[in-house]
Amino acid sequence: MDNSRGGSRLLAVRLDSAGDVLLAGPAVRAMAARGTVDLLTGPAGADAARLLPGVDEVHTWSCPWIVADPPAVDPASTDALVTMLAGRYDHAVVFTSFHQSALPTALLLRLAGVRRISAFSEDYPGSLLDDRVAPPGDVPEAERALHLATQAGFALPVGDDGLLSVRTAAAPEGLDRGRFVVVHPGTSAPARAWPAQRWRDCVRALDEAGHRVLVSGSPSERELTAVVAGSRGVDLGGRTTLAQLAALLSRADALVVANTGPAHLAAATRTPVVSLFAPTVPLRRWAPYGVPLAVLGEQQAPCRGTRAVQCPVPNHPCLGSVTATDVVEALEELLRRTNGGGTSSAATNPPPRKNEVHA
């Protein structure tokens, strides 16, 4: 068994997308303090997994009971996963959100011969788990994951602040000069999205207020970023890797974004965030963690807590009332508070109400 770092060979499991993986970062660092950590994630989480401090090797598997567009359950796929993991790990910790079950994953890990398996489970796990941990309740996802790691016997090293963190690459040449704000209009779920025209109006309003605006997006979002950037912003759609985006965010004054992965990437670079947050999932659990934060959007809208992918309510009331002017005002108030002194975090303050600033 390869054990170049000393201690045990450990497996962290988070079979989701980039934001979920980033939120598991403090828990992964706690594991890494005791041994060499590999991370098993879904295809959408692999790039984020490679950015986490403490991760040695990344395994990718599209899990039929986790990913949003699940493949059929395929014996050949599950057999290949079991074979890849067989005999390699002393201890696996399976990180899940409150609406997911760790037990199917634990079964495969048990078949792979993992000696000890830890996970949250409210259901009876039989012999699938060695550490059946009770969920900690309504806490931020980063704290939920760290609680599991702690209950499994791991602890953050002395001096680790428990916030999100990533390794960053060099920013694209020329783009990191001077001061700027990053706007990221894309989302993985339409129910969390702000209309493209509102984003375009936002970029224009930010530009008129004196902010240089970079508009980021994945290769599949190039059409969206081109529309949003218009003639007032710098269109970076498809031009940055996740590591390069992290580097840009680390130099940005702030990020303006909906509830999607780059919001957590900004938190990992300690960058203030203006969050257009649709309450389909709880703000307390999924807000950008531990950074100065302004939240826009009606948190008591009828879609609250539905986990909807498509908006279930006509006219998208949770974000429909937010204007470009609201964004500019929230950003400038956030920057005033951030630059003016103490910075309380979203992790320690009560959940913001509509249009409330935490800095």
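Which side chains meet Asp38 in a salt bridge at 3.7 Å, N to O? I looked, and it is the side chain of Arg88.

**Ground rules.** I'm working on a predicted model, where local features need pLDDT of at least 70, side-chain atom pairs count only at pLDDT 80 or more, and totals for chains, interfaces and linings use all residues. Residues are numbered from 1 along each chain as its sequence is written, and side-chain values use heavy atoms, with hydrogens and water left out.

**Salt bridges.** Side chains of opposite charge can pair when their charged atoms come close. My rule: a side-chain nitrogen of Lys or Arg within 4 Å of a carboxyl oxygen of Asp or Glu. That rule gives me 21 salt bridges.

Back to Arg88 and Asp38 and their salt bridge. Arg88 sits in the loop between helix H4 (75-85) and strand E4 (91-94), while Asp38 is in strand E2, so the pair ties together parts 50 residues apart in sequence. I take helices (H or I, at least four residues) and strands (E, at least two) as DSSP runs, numbered from the N terminus.

Asp38 also has a salt bridge with Arg9, whose closest N and O atoms are 2.8 Å apart. Arg9 is in strand E1 (residues 8-14) and Asp38 in strand E2 (residues 35-41), so this pair links distant parts of the chain, 29 residues apart.

Next I checked how covered these residues are. I call a residue buried under 20% relative accessible area, exposed over 50% and partly exposed in between (1.4 Å probe, protein chains only). Asp38 is buried at 0%, and Arg9 is buried at 4%. Arg88 is partly exposed at 25%.

Another pair I noted is Asp130 with Arg110, at 3.1 Å, N to O. Asp130 lies in the loop between strand E5 (116-120) and strand E6 (131-133), and Arg110 is in helix H5 (residues 103-111), so the pair ties together parts 20 residues apart in sequence. Asp130 is partly exposed at 42%, and Arg110 is partly exposed at 24%.

**Nonpolar cores.** In soluble globular proteins, nonpolar side chains tend to be buried together. For a core I joined buried Ala, Val, Leu, Ile, Met, Phe, Trp, Tyr and Cys residues through side-chain atoms within 4.5 Å. The largest one has 62 residues, and Met31, Leu39, Phe95, Phe154 and Leu265 have the most contacts inside it. Helix H9 (residues 242-251) gives the most to this core, with six residues.

What does Phe95 touch, leaving aside its neighbours within four places in sequence? With contact meaning heavy atoms within 4.5 Å, I found partners including Ala12, Val13, Met31 and Leu148. Apart from this core lies another, of 32 residues, among them Val274 and Ala324.

**Aromatic pairs.** I paired rings of Phe, Tyr and Trp (its six-membered ring) with centres within 6.5 Å; planes under 30 degrees apart count as stacked, over 60 as edge-to-face and the rest as tilted. I got two pairs. Trp61 and Trp65 are edge-to-face, 5.6 Å centre to centre with 65° between the planes. Trp61 is buried at 7%, whereas Trp65 is partly exposed at 29%. Trp194 and Trp199 are edge-to-face too, at 5.0 Å and 85°. Trp194 is buried at 3%, and Trp199 is buried at 0%.
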